[in-house]
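Dear colleague,

Please find the structure below. My notes on it follow.

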Amino acid sequence: MSGSVRALAAAVLAVAGLSGVSGCATPDAPREPRTGTVLTVTRVSPLDAKLSWHGKAPGAAGRIVEFATEPRGPWTILTYAPLSQTTYQHPDLLPETHFYYRLRPYYGPASRPVDVTLPKGSFTKAEQRAEHDWAPPRTIRRAGVRTGPARRPAATPTDLRAKIMHANGIRFTWTDHAEGERGYLLEDRPRGGGSFRPVAVLDPDINSFGLITLPNEKRASYRVRPVTYGERSNIARLTTGERPAGRG
């Protein structure tokens, strides 16, 4: 699952553009365990869906919002929602298509943040052509590192370092202390921003990754966290309507 949330978001938009949605919550949706989060979905227009949920997820770092066009998946992540978020709009769906939605809380202790100030300048053509062999996710083996279950404080990543590679590139390394994590999140908070948000989703045991930054990330704080998932919500289903005249 290596790759950035930004790349994932682009893929999601592409999928959403190929499919469509409609409907209300589902009498014939597959039976799923009822947990702490109860999800409903409504059609706010023939091709636009609104998700709403309530419930508690004590200790969670946030919730993952996912959708599929088959009742058992494959599931695609739409967003990583903070715990305070209780709604999500999924627009521009394929007409006359079934859509299935679910939420999963995610857990894991975040590292101490590091602040990064990048040199001025944009992502130049020369930088785009350059080799970025420092960027792909990788595991740097380290002996004698103490580990703990991914939800526990003992799993908190340590020694997070940020090396500036050029005006728009940062290589992050850290010490992995987690056992049983489902992956890692790299999170950032641009200067003046409100809260940290995931910017990259990485495989388990990764402890080196290079990020190509956005223009608003010239000055930002970064941190990493191992993640595990909690119980998923019920599955809510919606069927999109016909494409309205004039809406391409």
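Strand E3 (residues 48–55) runs antiparallel to E2 and is joined to it by 8 bridges. Strands here are DSSP runs of type E with at least two residues, numbered from the N terminus, and two strands pair if DSSP finds at least two bridges between them. Within this pairing, threonine 40 has serine 52 in E3 as its bridge partner.

The model is predicted: local features need pLDDT of at least 70, side-chain atom pairs count only at pLDDT 80 or more, and totals for chains, interfaces and linings use all residues. Residues are numbered from 1 along each chain as its sequence is written, and side-chain values use heavy atoms, with hydrogens and water left out.

E2 and E3 belong to an open, antiparallel sheet of 3 strands in the order E2-E3-E6. Its edge strands, E2 (37–45) and E6 (87–90), each pair on one side only.

The largest nonpolar core has 21 residues. Such a core is a set of buried Ala, Val, Leu, Ile, Met, Phe, Trp, Tyr and Cys residues joined through side-chain atoms within 4.5 Å; buried means under 20% relative accessible area (1.4 Å probe, protein chains only). Phe172, Leu186 and Phe209 are among the residues with the most contacts inside this core. A second, separate core of 16 residues includes Val41 and Leu238.

Serine 111 lies in the loop between strand E7 (98–107) and E8. Why does serine 111 count as buried? The reason is its relative accessibility of 5%. Beyond its neighbours within four places in sequence, serine 111 is in contact (heavy atoms within 4.5 Å) with residues including Thr156, Leu160 and Val224.

Technical notes:
Helix = DSSP H or I, 4+ residues; strand = E, 2+ residues; numbered from the N terminus. Buried < 20%, exposed > 50% of the residue type's maximum accessible area, 1.4 Å probe, protein only.
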